[in-house]
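Have a go at each task before you read its solution.

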Amino acid sequence: MINVGLVGIGNIASMLIQSVEYYRRLDSTFGLLHELIGRYRVGDIRFSYAIDISREKVGVDLSDAIFAYPNMVRRFIDIPKLGVTVRMGKVLDGVAPHMLEDFRPAHLPEPSLKDIVRDLIDNGVDILVNLLPVGSEEASRFYAKAAVEAGVAFVNAIPVFIASGNDTIRDYAFKNKTPILGDDIKGQLGSTIIHRALASLVKMRGARVIETYQLNIGGNTDFKNMLLLERLASKKESKTMAVASTQDNPEELVREERVYAGPSGYIPFLGNTKISHMYIKAKAFADTDVEIEVKLKVDDKAMAVAVLVDTIRVAKILKDHRIGGSINWASAFYFKHPPQPVRSDYEALQLLYKGLEELGEQVKPRLIEYY
Ligand SMILES: NC(=O)c1ccc[n+]([C@@H]2O[C@H](COP(=O)([O-])OP(=O)(O)OC[C@H]3O[C@@H](n4cnc5c(N)ncnc54)[C@H](O)[C@@H]3O)[C@@H](O)[C@H]2O)c1
């Protein structure tokens, strides 16, 4: 069993809790990246702790909080009462001024770092997953510090550079034998993985990416929150580097502003549907131009959760083996901005399997055989 704590009970949390129940009840493996990682199945995930700041969610059982305003993931399975009451968190920079009406902070006393550390220990949490809004720099570091202090593995799903940054949290995590995975989850068939695959293909066929963009639109609070440009910087960096790092000259492409990848609009009626337009201009044989255009339409939250259920299991394995710090092999395949960027997803998958094998842990199926 893996005891998971969640910070930010938004749309991803709703999709995650419902899908774990779905896979447990149906005993199905359809749509998963990995059925087994080590000895863990998706159905081994349990939710034992939850934090938010919204007056719609704090004080409510987690099974109800995931359907509270402004969450919009449809109810696709009945969730029994979980017996986990959402606790009040520390607001810090989690709520941008234009999101006050959506996130509706409760007027309740906020916990100290010590309170969270004690809660994490008392609730036997193994893994804390960070699902705060983009731009929550201080708040993410606050919860990451609490996790590390409590010896709880930290999975950072958002583009705040904790696993890949120079924070002292990483050193502390190493000393405390607490793993940190991150940063910024890469969706199962999201825009990053598709854009990376196309850019890698251009290179693999002896051509060169000259310029490329990826425009993303969606209609949930994630996209609304990202309307504020100053909260966006890390998201843009994370997405842009994920694409540029597939090429021989990533720094040049970024410096000359010939790669753009980022959120590009909030359109409420889209809800959790994300639409991504990708464009690549390449130079190929005899200096001829090639243009590629792709439109992707996905359930953004399903794409993120497909990967999260893997990272939670990998984090638990690292914790079982008392391996601490920010581990590149555990993050490179799953996150847009890992500690060290890896050029291809094939290479990232090889790293992951090698890392797990060295610990004596197996995966099923071995996706590498499909490459
Ligand atoms: N495909 C994807 O959906 C995807 C991919 C990569 C990263 N992400 C990132 O994952 C994060 C979560 O996405 P989401 O769609 O669930 O977001 P969301 O907007 O639905 O939920 C955010 C939640 O955080 C809560 N919150 C705000 N400040 C808080 C604080 N200080 N402490 C505790 N809770 C606080 C809000 O009340 C809300 O419930 C976002 O940053 C998003 O960009 C998503």
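**Exercise 1.** Find which helices and strands each supply at least two residues of the shell around the ligand.

*Solution.* Start with the elements: helix 1 (11-26), strand 3 (45-52), helix 8 (221-225) and helix 11 (300-320) each give at least two residues to that shell. Helices here are DSSP runs of H or I with at least four residues, strands are runs of E with at least two, and both are numbered from the N terminus. Then take the whole shell: 37 residues surround the ligand, and the closest are Gly 8, Gly 10, Ile 12, Gly 89 and Gly 94.

Two things to keep in mind: residues are numbered from 1 along each chain as its sequence is written. This is a predicted model, so local features need pLDDT of at least 70 and side-chain atom pairs count only at pLDDT 80 or more, while totals for chains, interfaces and linings use all residues.

**Exercise 2.** Work out where the ligand shell lies relative to the domains.

*Solution.* Last, count the contacts: 26 residues of domain 1 touch 26 residues of domain 2, where contact puts the C-beta atoms, placed from the backbone, within 7 Å.

**Exercise 3.** Decide whether helix 1 is mostly covered or uncovered.

*Solution.* Begin with its length: helix 1 has 16 residues and reaches 22 Å from first C-alpha to last, close to the 22 Å expected at 1.5 Å a residue. (The expected span is 1.5 Å times one less than the number of residues.) Then count: 12 of the 16 residues are buried, so helix 1 is mostly covered. Buried takes 20 or more other C-beta atoms within 10 Å of a residue's own, exposed 12 or fewer, and partly exposed is in between, with C-beta atoms placed from the backbone. Finally, see what the buried residues pack against: strand 1 (2-7), strand 3, helix 2, helix 8 and helix 11.

**Exercise 4.** Is Ile 77 buried or partly exposed?

*Solution.* Locate Ile 77 in the loop between helix 2 (62-65) and strand 4 (87-88). Ile 77 has 14 C-beta neighbours inside 10 Å, so it counts as partly exposed. Beyond its neighbours within four places in sequence, Ile 77 is in contact with Gln 18, Glu 21 and Tyr 22.

Note on methods
Near = placed C-beta within 6 Å. Domains from an automatic or database assignment. Contact = placed C-beta atoms within 7 Å.
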